Structures are given as C-alpha cells and as structure tokens.
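Trainee: I would like to go through this structure with you, one item at a time. Please give the cut-offs as the terms come up.

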Amino acid sequence: MKLRSTIQFAAAAFALALLAFAAPPAVSADKVDPVADEKAFKKFFYDKFPKLKPEDFVNGPYSMDADLYKQWQDKEQFPPYEFSLELGKEMFSKPFKNGKTYGDCFPNNGIGIRQDYPTFDEKEGKVITLELALNRCREANGEPAFSYVRDEMAALTAYMAFTSRGKPFNIKVPNDPRALAAYENGKEYFYTRRGQLNFSCATCHVQSPGEKVRTEVLAPALGIVNAMPIYRSEWNGMGTTSRRFTTCNSQIRGVPLTPQDDEYRNVEYYLSYVSNGLPISGPGARP
Amino acid sequence: MASTIRVRATSSGETTEVQALIQHPMDSGFIKDSKGELIPPHFIQQLTFEYNGKPVFTADWGGGVSKDPYVKFAFKGGKKGDELKVSWVDNKGATDTTTAKIQ
Amino acid sequence: MRITTLTSIAVLLLLGATSALAAGEDDYKAAYAAAEAANKQAASLRNQWTTTASMLAAAKKFADGGDFDKATASAKEAEALAKASIFQATSEKERWRDLEIR
C-alpha cells in the first residue's frame, strides 16, 4: 500500500517535472572542455562559500560548521584512521610471496603519488584508479584481489594518501577522444538523477553542501575525493572511494553498480580532475 | 602485532593530561551480522591507567562503549619523563598493556 | 513525446490500482516474468531500483507460501517500479545537462 502511493507519487513527480520542462532546453552535446569545466566548477563553490579558502574544501563538512570544526581538531590529535594507516603501512612494505612489493608496481615506489590517480591509460583506453591499480598489482604478483569496499583496500589507500598529503591533485585528461569520452561519461554520471528517490550526486554535493541530511552536514563535491579513504563514524570504520560511491547509490534506492565499473572509474576521474590543485587530505575522518 | 593502545600524556607542571585511543571491536552482543546471527559480546571490561604503581584512572566498561574507544582525562601530579602504564582486560580474558613517557 | 510519456504514466498508475483480482500460479508466473524482464531492461540502462529487487523477493516469498494473490500483486508492483526506473533513465538521459555547472 505504502509502496503503491510511492510509485504514484514518483509518477506524479515525473509528470510535474515534465510540465516544468515543457519547452525542451535542447542542449546539444557540445565540445568537451575539461579546462572550462574546472574553472566553472571551482567558481561555483568559491562563490557559494566566499569565506572559505580553496584548501578548506578538502575538509568537507568541517569547513561548513564551526562546532564540527572544533570537534574535528580535537579528534585529529588522535585520529580514528590511525590504526588503519598503520596497517596500511605494514601491508604496503610487506613483500608478496614472490618477493616483490606494491612499490614495484608504481612510480617512485608508490610513495607520494596519490595525487596522480586516477590516470588515463592510453594503451587500454580507460581510466585507472588507485584502487584498481593496487588490485592489478596484487594479481600480477599472484595474489588474490582485495574487495574494493573493505578494510584492506582502505588501509592501503590510506597509507598511500598519507604519503601524498598536501600535494595538489594533478589529474590529466589527455587530448585523446577516449579520455575525453571517459571524462564526459563521469560528468554525466555525476549529474544524472537515479534511484527511486530521483537524486543525482549533484543534488546533495552541488545543490546542498553545508545543508543537513538528518544530522549529517553534506560535503561539497569540490575536494570530496581529496580526503579519501575516510573513517566514517557512521560506518564505525574505514571506507574506500568505491564504498562511498556504492553506498551513495543504495541510499537513494538505486542498485549500486559493481565497484570499479567504468561509470565509477569515470566519475572519480571527473571529480578528481575538477578538484585539481587542491591538496590531498586523506585519509580523512568524517562524522 | 602492534600495540592496541595509543597513549599520549603531557604534564603542565601541576596536572597531567592523558589521551588514549584503544583498538577494540567493543561488540555489545546485541548486534546481528549480515547473516542475521548475533555477534557474541566482546568488550573491554576494565581499563586502568597507573602512575608510580598506583591507579590514577580506572574505567569499568560494558557493551555500550563504542568501537575503538577514545579516553581523555587529567590527574594531579605526574612529572615529565615518568612512566604511565595503561592496561585493559576484556570479557574474553584478553589483555594488553603499554607504557608511555609523560611529556 | 510528451503525450506518450503522459500515457505511460497513466499506465503506471493503472498498474498500481488493479490488483484485487484472485490470482493463480500462472498469473503469478506471468507477472513475475514481466517484472523480471522490465528489471533486466533497467539493468541494461544501469538504473535498477533497490525497491524493485525487494518487491521481487517479496513476490517470490508469497509464491513459495502458496499465496498467489499477494505474490501476483507484488510482482505487478515490481514491474511498475522497474518501468518507472526505465522511464527515469530514459527521461534523464539528456536532462542532466540542466544541472551542470557551466
């Protein structure tokens, strides 16, 4: 009974939305211009929060609420991600059975390189995220892949982010039609409404940052991936970027895609690119 | 395995401020896992901070304390360079101890 | 375009409203298959709803218990939900550009 009224409500909402957009805006797929996007994206957030410095955005909700900020500063003396960080460091330096290490899979032995991911692989024609690169590294060395949403992956990425703290995001979209298509697809995924609640990522993180959903302050999309992975008090544990994306989807009553599906890789690519120049702050702690 | 206890104690001359973070699941015994089965209770029952062989802070905990608990308190006395001993014991009889120098 | 979408909304509303007829196992099977097919189409559009999945599971549970009235009703709900998700995926195909920061 309850559900039926939900459907009817949803249908009515669609009808209303349709009426509102009766005159089709007829936006054609114009040229993909990441540079202009980045500029507009930042300007939107800088205008919306004139008091914040650019580097404040990587601290998410803490920059939006004075009380939260104070609690966070206390918490950062003994950050809840510390155990995960330590585990990550231990895992990262421990050799695989074949004697190689994670460091062998990455430039500069994997230290201080978080800000370069996701990167576009010209050979494969696809976006490679850090989480994906880590699992490929494991598989290339005869180790089973980790779950993208669980603690091991969070610990490894936490350590790698920690070695890159303060380094500005440096994501490149090469002038390759496949890279531009991946970028555009990520942008489309970010702005497209989905799930029974009819939300897009942008509904919360562009239209409503600083507002509350229940007791949580919504983080701005600008700088949101800089803090990954995060210790969420709500989760009682660590979460990877993959975990964040999949739970975002299920919270709006959409069935999540499989972690590291093309869409998720592309949306991480897009979000990281438009946050270029802002410092890596991961691992982060969030309420 | 690294210690489950992180502790930092700083003396201001008269008092010593202590902060500690302990890694522990703190399962209350009332939570179900993804298969719908109860996770058995597993929590720290007693946490003790000792200075000069005398307890300065004792906590009797139960299942209502959150995972990876954080504690902050201050006590009178305590000198820079002295040692503070921290230990906990949980309901399964497991225990861990560490010492920290007061800074 | 607009007229067809409005009609499809009317169909959705009707689907929600007609469920009081006595149903047998065959009705249930047909309704379930239709719901599954629609949900598959939603999957190909990368836009399934969690509520569709729970409604399908509920239908199966009622059917296992022999209550084909409720099972059929749930399967029809599931189909309506799946169709709504397909409608959403289709109608939002280009509309995301209205939200975009430029």
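Trainee: In what order do the elements of chain B run from the N terminus on?

Mentor: This is a predicted model, in which local features need pLDDT of at least 70 and side-chain atom pairs count only at pLDDT 80 or more, while totals for chains, interfaces and linings use all residues. Residues are numbered from 1 along each chain as its sequence is written, and chains are lettered from A and ligands numbered from 1 in the order in which they are written. Helices (H or I, at least four residues) and strands (E, at least two) are DSSP runs, numbered from the N terminus. Chain B has zero helices and seven strands, and the order is β-β-β-β-β-β-β.

Trainee: What percentage of the residues of chain B count as buried?

Mentor: A residue is buried if 20 or more other C-beta atoms lie within 10 Å of its own, exposed if 12 or fewer, and partly exposed in between, with C-beta atoms placed from the backbone. The C-alpha atoms of chain B fill a box of roughly 55 × 25 × 20 Å along the principal axes. Of its 103 residues, the buried ones come to 20%.

Trainee: In chain A, what percentage of the contacts with a separation of 6 or more join residues 24 or more positions apart?

Mentor: Two residues are in contact if their C-beta atoms, placed from the backbone, lie within 7 Å. Chain A has ten helices and seven strands, and 44% of its 287 residues are buried. For chain B, the corresponding share of contacts between residues at least 24 apart is 50%. For chain A it is 73%.

Trainee: How are H5(A) and H6(A) oriented relative to each other?

Mentor: Axes are lines fitted to C-alpha atoms, for helices over the stretch in contact, and angles run from 0 to 180 degrees between N-to-C directions. The axes of H5(A) and H6(A) are 11 Å apart, at an angle of about 115 degrees. Angles under 35 degrees count as roughly parallel, over 145 as roughly antiparallel, 65 to 115 as roughly perpendicular and the rest as oblique. H5(A) is therefore roughly perpendicular to H6(A).

Trainee: How are H2(C) and H3(C) oriented relative to each other?

Mentor: The axes of helix H2 (residues 25-44) and helix H3 (residues 50-64) of chain C come within 11 Å and cross at roughly 160 degrees. H2(C) and H3(C) are therefore roughly antiparallel.

Trainee: Is Gly66(C) buried or exposed?

Mentor: Gly66(C) sits in the loop between H3 and helix H4 (68-99) of chain C. Its C-alpha atom is separated by 9.4 Å from that of Gly24(C), 42 residues apart along the chain. Because Gly66(C) has 9 C-beta neighbours inside 10 Å, it counts as exposed.

Trainee: What is omega for the cis peptide bond that joins Met228(A) and Pro229(A)?

Mentor: Most residues other than glycine have a negative phi, and most peptide bonds are trans. The bond from Tyr117(A) to Pro118(A) is cis, with omega near 0 degrees. Pro229(A) is in the loop between strand E4 (216-217) and E5 of chain A. For the cis bond between Met228(A) and Pro229(A), omega is about -5 degrees.

Trainee: How does Asn236(A) count by its C-beta neighbours?

Mentor: Asn236(A) lies in the loop between E5 and strand E6 (237-239) of chain A. Asn236(A) has a positive phi of about 60 degrees although it is not a glycine. With 13 C-beta neighbours inside 10 Å, Asn236(A) counts as partly exposed.
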